[in-house]
Amino acid sequence: MADFKKFKEKHETVIQFIKFSLISMLAGLTETISFLIMSYLLPARLPTKFDFFVFHYDTTGMFVAFFVSAILAEIVSFTINRKATFNANNSVVKSAVMYFSMVLVVICLKTWIAGALQPVMRGVTDIKLLIDWVPKLVSMLVAVAIIFPMNKFVIMKHTDEPEKEKAEEK
């Protein structure tokens, strides 16, 4: 047990990335299930083509499915990762504002990537499942590559002194 404790202390980032990955799988499951439901229900109900700024989708329903499913996943991710992975003790409000600012950028990036990759996938295959899901999975991987380091080093900090104690000293 002592060896594991030493390993854990020496390789804190590795352990955090493993926890982050497992929690990301839960968030990814949330994203996948909500995307699955919305992507098959909404396009028929919201058939209008969606073109706004850098977002180009065949239907408004697919845009909504990509965007809302990503938001739901990030809510799950923030809520669980804050304590379970990073043991953050900085201000919840401050980290939530930073997190959701970052996530807004990441979600827009993910939504843009997915919209940009769908026509590419259509040029490669006519299998709807691949046209919808390959862009979604690529966009999810891009998000992990951005969110983990931002959480660890900027947003979800654990300090020896909690923010509350620092504020009381001033």
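In what pattern do α and β elements follow along the sequence of the chain? I read α-α-β-β-α-α-α-α, with helices (H or I, at least four residues) and strands (E, at least two) taken as DSSP runs numbered from the N terminus.

**Entry 1: basis and confidence.** I worked from a predicted model, in which local features need pLDDT of at least 70, side-chain atom pairs count only at pLDDT 80 or more, and totals for chains, interfaces and linings use all residues. Residues are numbered from 1 along each chain as its sequence is written, and side-chain values use heavy atoms, with hydrogens and water left out. I looked up pLDDT, the predictor's confidence in each residue from 0 to 100. The chain averages 88, and 94% of the residues score at least 70. Helix H4 has the highest mean among the elements (92), and helix H6 (residues 163-169) the lowest (51).

**Entry 2: the chain as a whole.** I noted six helices and two strands. The C-alpha atoms fill a box of roughly 55 × 40 × 25 Å along the principal axes. Of the 170 residues, 39% count as buried (under 20% relative accessible area; exposed is over 50%, partly exposed in between; 1.4 Å probe, protein chains only).

**Entry 3: salt bridges.** I took a salt bridge as a side-chain nitrogen of Lys or Arg within 4 Å of a carboxyl oxygen of Asp or Glu. The count by this rule is five. One of the pairs joins Glu12 and Lys152, at 3.9 Å from N to O. Glu12 belongs to helix H2 (residues 12-45) and Lys152 to helix H5 (residues 128-155), so the pair ties together parts 140 residues apart in sequence. Glu12 is partly exposed at 45% relative accessibility, whereas Lys152 is buried at 15%.

I then looked up Lys128 and Asp132, whose closest N and O atoms are 2.6 Å apart. These residues are four apart in helix H5, which means about one helical turn separates them. Lys128 is partly exposed, at 45% relative accessibility; Asp132 is buried, at 3%.

**Entry 4: Lys110.** Which residue forms a salt bridge with Lys110? I found Glu31, with the closest N and O atoms 3.0 Å apart. Glu31 lies in helix H2 and Lys110 in helix H4, so the pair ties together parts 79 residues apart in sequence. Helix H4 covers residues 92-124. Both Glu31 and Lys110 are buried, Lys110 at 3% relative accessibility. Glu31, Lys110 and Lys136 are linked in a network of salt bridges.

I also listed contacts (heavy atoms within 4.5 Å). Leaving aside residues up to four places away in sequence, Lys110 touches Glu31, Ala70, Glu74, Ser139, Met140 and Ala143.
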